Amino acid sequence: MSLGFTSYNKYLLLTLFVVVASLLSTNIKAEDDPAPTPVYVELLPDFIVNYGEPGARLKYIKTKINLRTDSNHEGLIILNMPLVRDTLVMFLSTRTPDQVSGAIAREQTRKDAAVAINEVLKEETGQEPVIDVLFASFVTQ
């Protein structure tokens, strides 16, 4: 099929228009994509863990835990829930009475728990998705 010079120019302009419009719509969509939103993952059931110093009377921690992450990492945490729960059980069971008594000690325990979970998930997935560990309840006896 032979295109005349003017038809060929129209064809090039139309093609160029389609390409530019496609690129512009792609950029608009990328700018409209929302940033990741905060997400809270509730860990069920609650944790009941023995803790204490060796040779001392056993004590226990009962706690309800939520993990704060973002919408891009929620699935990663859910898919690795057995690893997350195991890490928290092992972490809490190594706490001493001084590390779980009082607001300051519990705050440090929260921070240390987030680090412990992220270390294990980084080994497994290459990512550190936990922003924060939140205690909805924390009882020791």
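Student: Where is the place of Glu 53?
Tutor: Glu 53 sits in the loop between β1 and β2. Strands here are DSSP runs of E with at least two residues, helices are runs of H or I with at least four residues, and both are numbered from the N terminus. This is a predicted model, in which local features need pLDDT of at least 70 and side-chain atom pairs count only at pLDDT 80 or more, while totals for chains, interfaces and linings use all residues. Residues are numbered from 1 along each chain as its sequence is written, and side-chain values use heavy atoms, with hydrogens and water left out.

Student: How exposed is Glu 53?
Tutor: Glu 53 has a relative accessible area of 46%, so it is partly exposed. Buried means under 20% relative accessible area, exposed means over 50%, and partly exposed is in between, with a 1.4 Å probe and protein chains only.

Student: Which residues is Glu 53 in contact with, leaving aside neighbours within four places in sequence?
Tutor: Thr 96 and Pro 97. Contact means heavy atoms within 4.5 Å. Glu 53 and Pro 97 are 44 residues apart in sequence, yet their C-alpha atoms are 8.0 Å apart in space.

Student: What about Leu 58, where is its place?
Tutor: Leu 58 is also in the loop between β1 (38-51) and β2. With a relative accessible area of 60%, Leu 58 is exposed. Not counting residues up to four places away in sequence, Leu 58 touches Asn 50 and Tyr 51. Its C-alpha atom is separated by 9.0 Å from that of Gln 141, which is 83 residues apart along the chain.

Student: Zooming out, how many helices and strands are in the protein chain?
Tutor: Five helices and three strands. Along the sequence the pattern reads α-β-β-α-α-α-α-β.

Student: What share of the 141 residues is buried?
Tutor: 29% of them. As for the surface, the protein chain exposes about 9,400 Å², and carbon and sulfur atoms supply 59% of that. Accessible areas come from the Shrake-Rupley method with a 1.4 Å probe, and for residues only the protein chains shown count as cover.

Student: How many salt bridges does the structure hold?
Tutor: Six. A salt bridge is a side-chain nitrogen of Lys or Arg within 4 Å of a carboxyl oxygen of Asp or Glu.

Student: Where do Glu 107 and Arg 110 lie?
Tutor: Both are in helix α5, three residues apart, which is about one turn of the helix. Glu 107 is partly exposed at 31% relative accessibility, whereas Arg 110 is buried at 14%. Salt bridges with shared partners join Arg 68, Glu 107, Arg 110 and Asp 132 into one network.

Student: And the salt bridge of Arg 68 and Asp 132, what is its N to O distance?
Tutor: 3.9 Å. That pair links distant parts of the chain, with Arg 68 in strand β2 (residues 59-70) and Asp 132 in strand β3 (residues 132-140), 64 residues apart. Arg 68 is partly exposed at 26% relative accessibility, and Asp 132 is buried at 16%.

Student: Switching topic, which residues form the negative surface patch?
Tutor: Glu 119, Glu 123, Glu 124 and Glu 128 form a negative surface patch. Patches are made of residues with over 30% relative accessible area and no salt bridge, joining like charges within 9 Å and nonpolar side chains (Val, Leu, Ile, Met, Phe, Trp, Tyr) within 5 Å. Lys and Arg count as positive and Asp and Glu as negative, while His and the chain ends are not counted. The place of a charge is NZ of Lys, CZ of Arg, CG of Asp or CD of Glu.

Student: Last one: is the peptide bond from Leu 44 to Pro 45 cis or trans?
Tutor: Cis, with omega near -5 degrees. Most peptide bonds are trans. Pro 45 is in strand β1.
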